[in-house]
Amino acid sequence: MPELPEVETTCRGIAPYVIGETITALHIHQRQMRWPIPKQIDALKGATITDVSRRGKYIQLHTGNGEAIIHLGMSGSLRITEPKEPKRKHDHVEWLMSNGHALRLHDPRRFGCVLWHKAGTPAHPLLEKLGPEPLGNAFTADYLFDQTRKRKTAIKVFIMNSHIVVGVGNIYASESLFMAGIRPGRASGRITRNESERLVDAIRTVLAKSIKQGGTTLRDFVNSDGEPGYFKQQLLAYDRAGEPCTQCGGLIKQKVMGQRSTYYCSFCQS
DNA sequence: CTAAATACCTGATGGC
DNA sequence: TGCCATCAGGTATTTA
């Protein structure tokens, strides 16, 4: 579900309601997520949230003791609600804030996680080896070109590897490659320097545009207000199998790569 | 080391 | 209506 634009939208949405607030209560209804929610998460009780940040698709709630690390997996969402609002099925965690609002984690598939990183300890292993932020200065054509050398993996699978670059999921991988005119099945090592530049530009452009639209809602993504994102209307390749290509009018093809549906135009992408 | 398969989990959908 | 197979926005871990 949530890729970088959806996670960014969520962060921006919850920030005004939680920064500067003290956590008055923490309710865990379901501990079993991707990994069990650790006991140390209780360090949040009584702590004040000083900042909300994002690293890749991980959301961090910072306090003086350390930070909670939240991942939304495939089906997760974080919403600001009123504490009295009835708990829905799959509302696994609830944080009560000193301003009277509640933050709730809803995640039917439970591929997400809530972890704790204590202040002053070495970087969390999950975040330690992540690649650069796609919208940051370190993600350049030179970097991508260099990383792809001698790699045989399909370029689509490659850019979805968070150790290479974070935040590019299944939707935006197809969209970026369409925009860059590169076939998703191309061996990474065969991508030229010029194509590398087009791909970096495309990834940055598509992610930035989607953030402006509040992300993509395919079926169940909602932002912190419970509202969908509107980027779906601007998808050029993803989920458009059999529909005409916006560039050439040919039909968009669908193919499974790395166990994930992949969409492309065989005329416009080479 | 790389590359591909596997695992985690629920819900929606479509065929019979 | 019910049952079964398939698919879904992620990614760490296991296997080859």
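A: In this predicted model, the domain assignment divides chain A into domain 1 (4-128) and domain 2 (141-264). The centres of domain 1 and domain 2, taken over C-alpha atoms, are 28 Å apart. Domain 1 brings 19 residues to the contact, and domain 2 brings 19 residues.

About 1400 Å² is buried between domain 1 and domain 2, and carbon and sulfur atoms account for 63% of that area. On the side of domain 1, the residues that lose the most area to domain 2 are Pro5, Glu6 and Thr9, which together make up 35% of what that side buries.

The polar part of the interface can be stated briefly. There are 0 salt bridges between domain 1 and domain 2. Polar contact, by contrast, is found for 5 residue pairs across the interface of domain 1 and domain 2, counting pairs with both residues at pLDDT 80 or more.

As for secondary structure, helix 1 (4-18) and strand 5 (77-81) each provide at least two residues of the side of domain 1 that touches domain 2. Helix 1 gives the most to that side, with 10 residues. Sorted by class, the side of domain 1 that touches domain 2 holds 7 nonpolar, 6 polar and 6 charged residues.

One residue of helix 1 can be followed in detail, namely Glu8. Glu8 counts as buried because its relative accessibility is 14%, and the cut-off for buried is under 20%. The side chain of Glu8 is in polar contact with the side chain of Arg12, at 2.8 Å. On the geometry of such a pair, a general point applies: an α-helix has 3.6 residues a turn, so residues three or four places apart point the same way. Leaving aside residues up to four places away in sequence, Glu8 touches Arg54 and Ile211.

Directly after helix 5 comes Gly181, with a positive phi of about 70°.

Positive phi values also occur at residues other than glycine. Arg110, which is not a glycine, has a positive phi of about 55°. Arg110 lies in the loop between strand 7 (102-106) and strand 8 (113-118). With a relative accessible area of 32%, Arg110 is partly exposed. Asp239 is not a glycine either, and its phi is positive at about 65°. Asp239 sits in the loop between helix 6 (193-212) and strand 9 (253-257). Its relative accessibility is 41%, so Asp239 counts as partly exposed.

To return to the interface, the buried area of about 1400 Å² is 63% from carbon and sulfur atoms, the salt bridge count is 0, and helix 1 gives the most residues on the side of domain 1 that touches domain 2.

How values were computed. Residues are numbered from 1 along each chain as its sequence is written. Chains are lettered from A and ligands numbered from 1 in the order in which they are written. Side-chain values use heavy atoms; hydrogens and water are left out. Domain bounds come from an automatic or database domain assignment. Contact means heavy atoms within 4.5 Å. Buried area is the accessible area (1.4 Å probe) that two parts lose on being put together, summed over both. A salt bridge is a side-chain nitrogen of Lys or Arg within 4 Å of a carboxyl oxygen of Asp or Glu. A polar contact is a pair of N or O atoms within 3.5 Å; within protein, one must be able to donate a hydrogen and the other to accept it, and residues adjacent in sequence count only if both atoms are side-chain atoms. Helices (H or I, at least four residues) and strands (E, at least two) are DSSP runs, numbered from the N terminus. Ala, Val, Leu, Ile, Met, Phe, Trp, Tyr, Cys and Pro count as nonpolar, Asp, Glu, Lys and Arg as charged, and the others, Gly among them, as polar. Buried means under 20% relative accessible area, exposed over 50%, partly exposed in between (1.4 Å probe, protein chains only).
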